[in-house]
Amino acid sequence: MKKILTKKLIQKTLKNKGVVGYEDLGDEHKAEEIVLKHFDAEIDDGWQGHYDMHFYSETTADGYEIWIATDDETSPSITEDIYYYDDDWLEKLEDSITRGDRIYMDQHSKEEYGFEDAIQKCYETYYEEKEEEIINELIEKGYEKETRKEKANIT
């Protein structure tokens with residue numbers, strides 16, 4: 001009898017290894033810990049040492065707040081790194097985490113909605129990578145992917 005690789009088996013194996021969907025974590029801080037460890041990234045709010053990316057806000061001379069996301073802290077690009085609105089300024093965070101960057105981000109910035117969104121997207125990438133690992137492990141153990149015919153017979 002051949003061993004069939006099913007979605008249910010993959011999900012069960014993931015759960016047995018402690019990998020659950022983002023919505024099942026119940027704690028956004030847990031997701032942050034997991035993705036930072038998995039991608040070997042670090043987020044720090046101190047100005048010690050070298051950082052690959054910097055996420056922070058500043059106030060202009062005339063009292064406006066601007067948001068900065070730059071890999072060159074000493075000379076950010078006005079056209080690419082400075083944001084007048086806080087809507088998209090954390091769009092670079094996901095790539096920075098998945099690259100394994102050392103990231104400067106003040107504590108206030110971690111409370112922004114975009115931070116949680118970036119962590120969720122990174123967690124989804126982590127989950128997909130873990131799912132692929134499980135599939136490969138099960139195939140190495142002799143499991144075979146379901147055919148369409150086998151799926152149709154189950155339903």
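Here are some notes on this predicted model, point by point.

1. Ground rules. The model is predicted, so local features need pLDDT of at least 70 and side-chain atom pairs count only at pLDDT 80 or more, while totals for chains, interfaces and linings use all residues. Residues are numbered from 1 along each chain as its sequence is written, and side-chain values use heavy atoms, with hydrogens and water left out.

2. Take the open sheet of 5 strands as your landmark: the strand order is 2-6-3-4-5, and the pairing is mixed. At its edges stand strand 2 (42-44) and strand 5 (82-83), each with a single partner strand, so one side of each has no neighbour in the sheet. Strands here are DSSP runs of E with at least two residues, helices are runs of H or I with at least four residues, and both are numbered from the N terminus. Two strands pair if DSSP finds at least two bridges between them. As background, strands of a sheet pair through backbone hydrogen bonds, either parallel or antiparallel.

3. Strand 6 and its partners. Strand 6 (residues 102-105) pairs with strand 3 (residues 53-59) in the parallel sense, over 3 bridges. Within that pairing, methionine 53 has isoleucine 103 as its bridge partner, and histidine 54 has tyrosine 104. Strand 2 also pairs with strand 6 in the parallel sense, again over 3 bridges. There, glutamate 42 stands opposite arginine 102.

4. Serine 96. Helix 4 spans residues 93-98. Apart from neighbours within four places in sequence, serine 96 is in contact (heavy atoms within 4.5 Å) with Met53, Asp101 and Ile103. Met53 and Ile103 are the bridge partners from point 3.

5. Two sides of helix 1. In helix 1 (residues 7-16), Ile10, Thr13 and Leu14 are buried. They lie on the same side of the helix because they cover an arc of only 100° around the axis, the arc being that of the directions from the helix axis to the C-beta atoms. Lys8, Lys12, Lys15 and Asn16 are exposed on the other side. Strand 1 (4-5) and helix 5 (113-140) are included in what covers the buried residues. Just after the helix, glycine 18 takes a positive phi of about 80°.

6. The whole structure has 9 salt bridges, counted where a side-chain nitrogen of Lys or Arg is within 4 Å of a carboxyl oxygen of Asp or Glu. One of them joins the side chains of lysine 7 and glutamate 131, at 3.2 Å from N to O. Lysine 7 is in helix 1 and glutamate 131 in helix 5, so this pair ties together parts 124 residues apart in sequence. Lysine 7 is exposed at 51% relative accessibility, whereas glutamate 131 is buried at 16%. Lysine 17 and glutamate 137 form a salt bridge too, with their closest N and O atoms 2.9 Å apart. That pair also links distant parts of the chain: lysine 17 is in the loop between helix 1 and helix 2 (22-25), glutamate 137 is in helix 5, and they are 120 residues apart.

7. Within helix 5, aspartate 117 and lysine 121 are 4 residues apart, which means a separation of about one helical turn. Their side chains meet in a salt bridge (3.5 Å, N to O). Aspartate 117 is partly exposed at 25% relative accessibility, as is lysine 121 with 37%. Elsewhere, salt bridges that share partners join Glu42, Asp44 and Arg102 into one network.

8. On the surface. Tyr64, Tyr84 and Tyr85 form a nonpolar patch with about 390 Å² of accessible area together. Patch members have over 30% relative accessible area and no salt bridge; like charges are joined within 9 Å, and nonpolar side chains (Val, Leu, Ile, Met, Phe, Trp, Tyr) within 5 Å. The areas come from the Shrake-Rupley method with a 1.4 Å probe, and for residues only the protein chains shown count as cover. Tyrosine 84 sits in the loop between strand 5 and helix 4 and is partly exposed, with a relative accessible area of 45%.

Note on methods. Buried means under 20% relative accessible area, exposed over 50%, partly exposed in between (1.4 Å probe, protein chains only).
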